[in-house]
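Keep the 3D view open as you read.

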Amino acid sequence: MSQMNIDPRKLPFLIAVISLPSVAVYLGAGEALRVSEKPSEYIGLIFSILAASLFATVSILGDPGNLIRGGWRTAWEGAKGVQFRLMRLTYLFVLYMAVLFLLVVTEVIEAKCLTGLYWVHGVFAWLSIAAFIMSMWLPFEIKNIQVSRLEQEISYRKAARAKRDEQRRREEARQDRTSD
C-alpha cells in the first residue's frame with residue numbers, strides 16, 4: 001500500500017479548502033443559491049472564464065515547442081516537472097467543469113421543482129467555494145512554471161555559450177600552434 005505524501009506547508013491550505021466550504025454550506029449557502037438566481041449566474045460566469053483561461057494556459061505552457069533545447073533525454077528530464085504541474089492544472093480545469101455541470105443540474109432541479117433533490121444545491125455550493133479557494137494559488141503556480149522554464153532556458157544558453165567559447169579557444173590554440 002502506497003503512502004500519500006502531503007507537504008506540511010500545504011496542510012493549512014488543504015484544511016481551508018475542506019472546512020471553509022463546509023462551514024458555508026452548514027450556514028445555508030446551498031439554500032441561498034437555490035432561492036436566488038444572481039449568485040448562480042455569477043458562479044457560471046466566473047467559472048466559465050476561469051475554465052477558458054486555464055485551458056488556454058495549459059495549452060500554451062504544455063506546447064512541446066516550449067521544451068528546452070538539446071537532446072531528447074534533456075528535454076524529457078526538463079519536461080517531467082512541468083508536465084506534473086500541468087496535470088494539476090488539468091485537474092483544476094476538470095473541477096471547473098464539474099462546477100458548471102452542477103450549475104446546470106441545480107437549474108434543472110429548480111425548474112422541475114424536484115424538492116427531494118434540493119440537497120444538490122449544497123453540493124454545488126461546497127464545490128464552487130472549494131474550487132474558488134483552490135484557484136487562489138493558480139497565478140503563483142503559473143508564475144512558478146514560467147520561472148522554471150526561464151531558468152532552464154538560461155542554463156541552456158549558458159551551456160551553449162560555454163561550449164562555443166571552449167571551441168573558439170581550442171581553435172585559437174590550434175592556430176597558434178600551426179603559426180609557430
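Start at glutamate 141, which touches Arg85, Arg88 and Leu89 when residues up to four places away in sequence are not counted; touching, or contact, means heavy atoms within 4.5 Å. Glutamate 141 lies in helix H6. At 7% relative accessibility, glutamate 141 counts as buried, where buried means under 20% relative accessible area, exposed means over 50%, and partly exposed is in between (1.4 Å probe, protein chains only).

Before going further, a word on what you are looking at. This is a predicted model, in which local features need pLDDT of at least 70 and side-chain atom pairs count only at pLDDT 80 or more, while totals for chains, interfaces and linings use all residues. Residues are numbered from 1 along each chain as its sequence is written, and side-chain values use heavy atoms, with hydrogens and water left out.

Now zoom out to the whole chain. The protein chain has 6 helices and 0 strands, with helices (H or I, at least four residues) and strands (E, at least two) taken as DSSP runs and numbered from the N terminus. Along the sequence, this gives the pattern α-α-α-α-α-α. Of the 180 residues in the protein chain, 26% are buried. The accessible surface of the protein chain comes to about 12400 Å², and 66% of that belongs to carbon and sulfur atoms; such areas come from the Shrake-Rupley method with a 1.4 Å probe, and for residues only the protein chains shown count as cover. Among contacts in the protein chain with a separation of 6 or more, 80% are between residues 24 or more positions apart.

How do the helices meet? Two packed helices are described by the angle between their axes and the distance between the axes. Here the axes are lines fitted to C-alpha atoms, for helices over the stretch in contact, and angles run from 0 to 180 degrees between N-to-C directions.

Helix H3 (residues 37-61) and helix H6 (residues 138-179) pack at an angle of about 10°, with their axes 12 Å apart. That makes H3 roughly parallel to H6, given that angles under 35 degrees count as roughly parallel, over 145 as roughly antiparallel, 65 to 115 as roughly perpendicular and the rest as oblique. The crossing of H3 and H6 is left-handed, a term used if the near helix is turned anticlockwise from the far one by less than a right angle, with right-handed used if clockwise. H3 brings Leu54, Thr57, Ile60 and Leu61 to the contact, and H6 brings Leu138, Ile142, Ile145, Gln146 and Arg149. These residues divide into 6 nonpolar, 2 polar and 1 charged; Ala, Val, Leu, Ile, Met, Phe, Trp, Tyr, Cys and Pro count as nonpolar, Asp, Glu, Lys and Arg as charged, and the others, Gly among them, as polar. Glutamine 146 is partly exposed, at 36% relative accessibility. Glutamine 146 and leucine 61 are 85 residues apart in sequence, yet 8.1 Å apart in space, C-alpha to C-alpha.

H3 also packs against H5, at an angle of about 40° and with the axes 12 Å apart. That makes H3 oblique to H5, and H3 passes H5 in a left-handed crossing. On the H3 side you will find Ser40, Ile43, Phe47 and Leu50, and on the H5 side Phe124, Ser128, Ala131, Phe132 and Ser135. By class, this contact of H3 with H5 has 6 nonpolar, 3 polar and no charged residues.

H5 has a meeting with H1 (residues 11-26) as well: their axes come within 9 Å and cross at roughly 145°. The crossing of H1 and H5 is right-handed. Residues in the contact include Phe13 and Leu20 of H1, and Trp126 and Ile129 of H5. The contact of H1 with H5 divides into 14 nonpolar, 2 polar and no charged residues.

Finally, look at histidine 121, found in helix H5 (residues 119-135). Is histidine 121 buried or exposed? Histidine 121 is buried, with a relative accessible area of 3%. The residues that histidine 121 touches include Gly30, Arg34 and Glu110, not counting residues up to four places away in sequence.
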